[in-house]
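The points are grouped by topic.

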Amino acid sequence: MQPRNMSMSGVVDLAAVKAAQEAKAKAEQTRAEAARQGGTGAVAPADLVIDVDEAGFERDVLQRSAEVPVVIDFWAEWCQPCKQLSPVLERLAVEYDGRFLLAKIDVDANQMLMQQFGVQGIPAVFAVVAGQALPLFQGAAGEQQIRETLDQLVQVAEQRFGLTGLTVDPDARPGEAPAQEQVGPYDAALNAAADALDAGDLAGAVRAYQNVLADDPGHPEAKLGLAQAELLQRVQGFDPQKVRQEAAERPKDADAQIAAADLDLVGGHVEDAFGRLIDTVSRTAGDDRDKVRLRLLELFEVVGQEDPRVVGARRALARALF
């Protein structure tokens, strides 16, 4: 695993969107399956702090990050600041009651993980959310700063990725496994769609998502996945320079602005894409205006309806329309 820096307030690229879709769907399926089995999937407070090594990193951090934000504490026995920071993080992990999981990594025993995360000195604290790695802070930090950082982390994890954390049962036995996720009826089709996306087979991904939606029109992962695959399919044959030149020369041309907005979003320029289409709504009327509005709604699906930028753009769209 090669971690990537991910700013909690930065642009959402398509890889992050895909991770969010998968994480949100997996979390929902896990909770639903636990409820069907009559259990809660609860963990003991002691299970909120775990020791992780290179062999277990995939299972204990990457896979778990699809259910709960995983905070990583890089430490070593000889590190005096670590001895001050680690107990604070452990106490807060229990206090936050399952909203994040604390993974402790001894850098002396796990040099490869230290190198992969680009750790220059310890203590160093990172987080992994839906497979996306991001730095939190390095060196000693005050408890108030730590709390503010954790509050922001759990908020972003819930709003953008749908991760509400783990259910904690004070009476559960440490190490007791939560209810296991069962394979759902659409797992094969969704996996096929994801594989097609990875292979660049956009038409195959579109068909796979459409097959799910034919049976379940409201399926959240399939809806988001289809919006993403269709976006990628639309821009596949674009000449970016020509598209942007035409958009600059024809500010009232609905088709030119829609094509440029698609390119903006694929490039990670979310606000630019939204702003371009909202401005075009203001400049156009009739069928052209409706065409632009519908494309903007499709792009909202790609980014995610709960993303703050979507919420703000919806308000701006309402002002432009009325």
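Asn191 is found in helix α6, residues 187-198. At a relative accessibility of 48%, Asn191 counts as partly exposed, since the buried class ends under 20% and the exposed class begins over 50%. The model is predicted.

**Whole chain**

- The protein chain holds 13 helices and 5 strands.
- Of its 322 residues, 48% are buried.
- Among contacts in the chain with a separation of 6 or more, 73% are between residues 24 or more positions apart.

**Helix α3 and what covers it**

- Helix α3 (80-95) has 16 residues and reaches 24 Å from its first C-alpha to its last, which is close to the 22 Å expected at 1.5 Å a residue.
- Its buried residues are Cys82, Leu85, Ser86, Val88, Leu89, Leu92 and Ala93.
- The cover over these buried residues of α3 includes the strands β1 (49-51), β2, β3, β4 and β5, along with helix α5 (143-161).

**Loops on either side of α3**

- Ala76 sits in the loop between β2 (70-75) and α3.
- With 1% relative accessibility, Ala76 counts as buried.
- Beyond its neighbours within four places in sequence, Ala76 is in contact with Cys82, Asp106, Val107, Asp108 and Ile122; of these, Cys82 is one of the buried residues of α3.
- Ala76 and Ile105 are 29 residues apart in sequence, and their C-alpha atoms are 8.2 Å apart.
- Asp97 lies in the loop between α3 and β3 (101-106), just after α3.
- Most residues other than glycine have a negative phi.
- Asp97 is not a glycine, yet its phi is positive, at about 55 degrees.
- Asp97 counts as partly exposed, at 46% relative accessibility.

- Most peptide bonds are trans.
- The bond joining Ile122 and Pro123 is cis, with omega about 0 degrees.
- Pro123 is placed in the loop between α4 (111-116) and β4 (124-129).
- Ala133 is part of strand β5, residues 132-138.
- A relative accessible area of 3% makes Ala133 buried.
- The C-alpha atoms of Ala133 and Ile72 are 9.8 Å apart, while the two residues are 61 apart in sequence.

**Packing of α10 with α12**

- Two packed helices are described by the angle between their axes and the distance between the axes.
- For helix α10 (residues 254-266) and helix α12 (residues 286-303), the angle is about 10 degrees and the axes are 10 Å apart.
- Helices α10 and α12 are therefore roughly parallel to each other, because angles under 35 degrees fall in that class.
- On the α10 side the residues in contact are Ala254, Asp255, Ile258, Ala261, Asp262 and Leu265; on the α12 side they are Asp288, Lys291, Val292, Arg295, Leu299, Val302 and Val303.
- By class, this contact has 8 nonpolar, no polar and 5 charged residues.

**Ala261 within α10**

- Ala261 lies in helix α10 and is buried, with a relative accessible area of 0%.
- Leaving out its neighbours within four places in sequence, Ala261 is in contact with Ala273, Arg276, Leu277 and Leu299.
- Leu299 also belongs to the α12 side of the packing with α10, while Ala273 and Leu277 are buried residues of α11.
- Ala261 and Val292 are 31 residues apart along the chain, with a C-alpha separation of 10.0 Å.

**Helix α11**

- At 1.5 Å a residue, the 14 residues of helix α11 (residues 270-283) should span 20 Å, and this agrees with the 20 Å between its end C-alpha atoms.
- Buried in α11 are Val270, Ala273, Phe274, Leu277, Ile278, Thr280 and Val281.
- These residues cover an arc of only 160 degrees around the axis, which puts them on the same side of α11.
- The buried residues of α11 pack against α10, α12 and α13 (308-321).

How values were computed
Residues numbered from 1 in each chain as written. Predicted model: local features only at pLDDT ≥ 70, side-chain atom pairs only at ≥ 80, totals over all residues. Heavy atoms only, no water. Axes fitted to C-alpha atoms, helices over the stretch in contact; angles between N-to-C directions. Helix = DSSP H or I, 4+ residues; strand = E, 2+ residues; numbered from the N terminus. Parallel < 35°, antiparallel > 145°, perpendicular 65-115°, else oblique. Contact = heavy atoms within 4.5 Å. Nonpolar A, V, L, I, M, F, W, Y, C, P; charged D, E, K, R; others polar. Expected span 1.5 Å × (residues − 1). Buried < 20%, exposed > 50% of the residue type's maximum accessible area, 1.4 Å probe, protein only. Arc of directions from axis to C-beta.
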